[in-house]
Amino acid sequence: MRGIKKWLLFVVFCVVLFVSCRLVFGVVNRGKPDLGKYDITTVAKQDLTKTITKEGTLHFAGVVDYPMPASGIITDIWAQNGQEVTKGQKIVRFQSTASQDDQATALSQYLTAKTSLETAKVAKGKSQVNLEAARQKILEAAQTRQNMDDRFSLGNRKNSTANRPNQDYTENETEAIKSTETQARSEFSIAEKEFYNADANIQAAQAALNVSLWKYQMTKDAVVTAPVDGLLVNLNVTKGEVVTSENDSLFRIISSNDLIITLKASEAEAIQFEVGQETEFKTAIYPDLKFKGKITAVDAIGIEVESDTGSVTEYVVKIKPEVTDKRFLSPMTVDTDTIVQRKSAVLVIPNSTVNYSGGKRTVAVVKNGRTETQEVTLGIISDNGTEIISGLSDGDKILMPKASKL
């Protein structure tokens, strides 16, 4: 029995010793960073940019297509496919063999196209007036709806605009106000599309006028020059070749002024885009080539579209590429990177060092071999780091989780 008691006392002594050592060790090491899980990094100043990456579509908004003349001979060629040409630059010389009937027909088509262009311009003016009227209806309907909602939020359901003093809004009146706003937005959407279509109609009428003028000019001997700056493509003739209207087009020019990228942004993204911001883009076909551009327009009124999670609002952003490249196609999917914020010499820390809890942003600061939780105020958050507005100083040491080996 004595042996058993001694053995039990020894076991109890070992357990107490072990627990005591753990407690002492815990007190001694309390607050020390676990360097098995974390690295220590230094807060430093650096330049920081925030970039929004979006998929967009490259379009040739203006392609001038020159059909073959009625009949004639190519006597000189001064340009070649894939060449950037400027307005007025010589392309080919043409000797016409057209008849007087061909000339009369071409002149008639030119005059008709000229009238169509003027009609399209008048139609645009009318569509702009309709658009502004529709915009005003939205503002008025939205204000009426807001006034009603504000009264309801204060517990006041009296309809001050009705011819019934001190009477509550009826259900029909409430639904009518909501319906009026919905109808106004629908009418604005239609008017907006008509306005944008008016621009497209003018472009189409101008293109038709260019072609008809070209056809008329080509019923006589002529030197063909580029009417716009752009990229020359589809020049498929040789010197001395006899051509007729049954052949393909003489050549095409992709107007560098009408090359555009469009992308759709969410509300949170749209408010960060601004005209003049720099953009880089690349195509799936040439992923190693980067091209530059700038934002030229950001829609202030979005378009509601249906998604799997419900209705969302999208805003169209337009980007103008700096150059026209012969490798571009239309339409072509591109990936865009737009710098929406840029700051110099600001405090930056790795994104992984920021902790989010209870609405607070904190970091683990290392001081005298111990860690302390420090609340911080954040600025720009980008892929390259997070800006610190307050809470840290240049040179502070903080904990950063080690990267996973998986």
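So, let's start with the lining of the largest cavity: Glu280, Phe281, Lys282, Lys290, Asp335 and Asp337. A cavity here is a set of points, on a 1 Å grid over the protein atoms alone, where a 1.4 Å probe fits but cannot get out, and lining residues have an atom within 4 Å of a point. Please keep in mind that this is a predicted model, where local features need pLDDT of at least 70 and side-chain atom pairs count only at pLDDT 80 or more, while totals for chains, interfaces and linings use all residues. Residues are numbered from 1 along each chain as its sequence is written, and side-chain values use heavy atoms, with hydrogens and water left out.

How big is the largest cavity in volume? About 30 Å³, counting the space filled by probe spheres set on the points, which are joined across faces, edges and corners. Strand 12 gives the largest share of its lining, 3 residues, and strand 16 (332-349) also supplies at least two. Strands are DSSP runs of E, at least two residues long, numbered from the N terminus.

Now follow the chain along to Leu289, in the loop between strand 12 (278-283) and strand 13 (291-298). Why does Leu289 count as partly exposed? Because its relative accessibility is 31%, and partly exposed lies between buried, under 20%, and exposed, over 50%, with a 1.4 Å probe and protein chains only.

Finally, the whole protein: 30% of its 406 residues are buried. Among contacts (heavy atoms within 4.5 Å) between residues at least 6 apart in sequence, 74% join residues at least 24 apart.

Terms used. Helix = DSSP H or I, 4+ residues; strand = E, 2+ residues; numbered from the N terminus. 1 Å grid on protein atoms, 1.4 Å probe; cavity = no way out; pocket = protein on both sides within 12 Å on 5 of 7 lines; lining within 4 Å.
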